[in-house]
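Open the model in your viewer and keep the selection panel at hand. This tour tells you what to pick next.

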Amino acid sequence: MAALLSEYPPAAQQLTLRVRKLLLRIIPDVHEHVFPGWRIISFRMGDAQKHQICWLAPQRFGVNLGFEHGAELPDPGGLLTGDAKRARNVHIRSAKDVDVAKIAALVAAAVELRRDR
C-alpha cells in the first residue's frame, strides 16, 4: 500500500488512510487487496472480485470511495455520484467530507447487497 500511496501528495495519502481506517472498522471480517496497476485498494468479504464491497481510489486532491453496485444502494445522504450503469463514487476531498454516519450507512447497505447475491 505504501508504494501505491507514495504516488500522491501527503494530504491525499492521509485522507486515504483515514477513510481506510473507517472502512476497516465498519466492515466485519474484511479482506483488503491493493491493486497498484488499477491504483485502488479493494475491500472484500472474501478473496474473489465477486466479494467486493467497495474500493478506495486515491486521487491527487483526495480519495474516491467506490461501489461496484452503487446504483442499487439507497443514498438518502446524497453522497453518491456518477452515471455509470452500476458503479457510483463518493468524492472525498477533505476531512470535512468524511461524514461517518452517511458513509457507514452506504457501506452497511453494500455489505447487505453483497450478502444477498
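The stops below cover a helix pair, a strand pair and a loop.

This is a predicted model, with local features needing pLDDT of at least 70, side-chain atom pairs counting only at pLDDT 80 or more, and totals for chains, interfaces and linings using all residues. Residues are numbered from 1 along each chain as its sequence is written, and side-chain values use heavy atoms, with hydrogens and water left out.

**Helix pair.** Select residues 10–26, helix 2, and residues 100–116, helix 3. Helices here are DSSP runs of H or I, at least four residues, and strands are runs of E, at least two, numbered from the N terminus. The two axes come within 11 Å and cross at roughly 55°. Axes are lines fitted to C-alpha atoms over the stretch in contact, with angles from 0 to 180 degrees between N-to-C directions. The crossing of helix 2 and helix 3 is right-handed, meaning that the near helix is turned clockwise from the far one by less than a right angle. Now show L22, L23, R25 and I26 of helix 2 with V100, I103, A104 and V107 of helix 3; these make the contact (heavy atoms within 4.5 Å).

**Strand pair.** Move to strand 4, residues 62–67, and strand 5. They run antiparallel, joined by 5 bridges. Pick F67: its bridge partner in strand 5 is R88.

**Loop.** Finish at W38, in the loop between strand 1 (31–35) and strand 2 (40–44). Is W38 buried or exposed? W38 counts as exposed because its relative accessibility is 60%; exposed means over 50%, buried under 20%, partly exposed in between, with a 1.4 Å probe and protein chains only.

Definitions and conventions: Two strands pair if DSSP finds at least two bridges between them.
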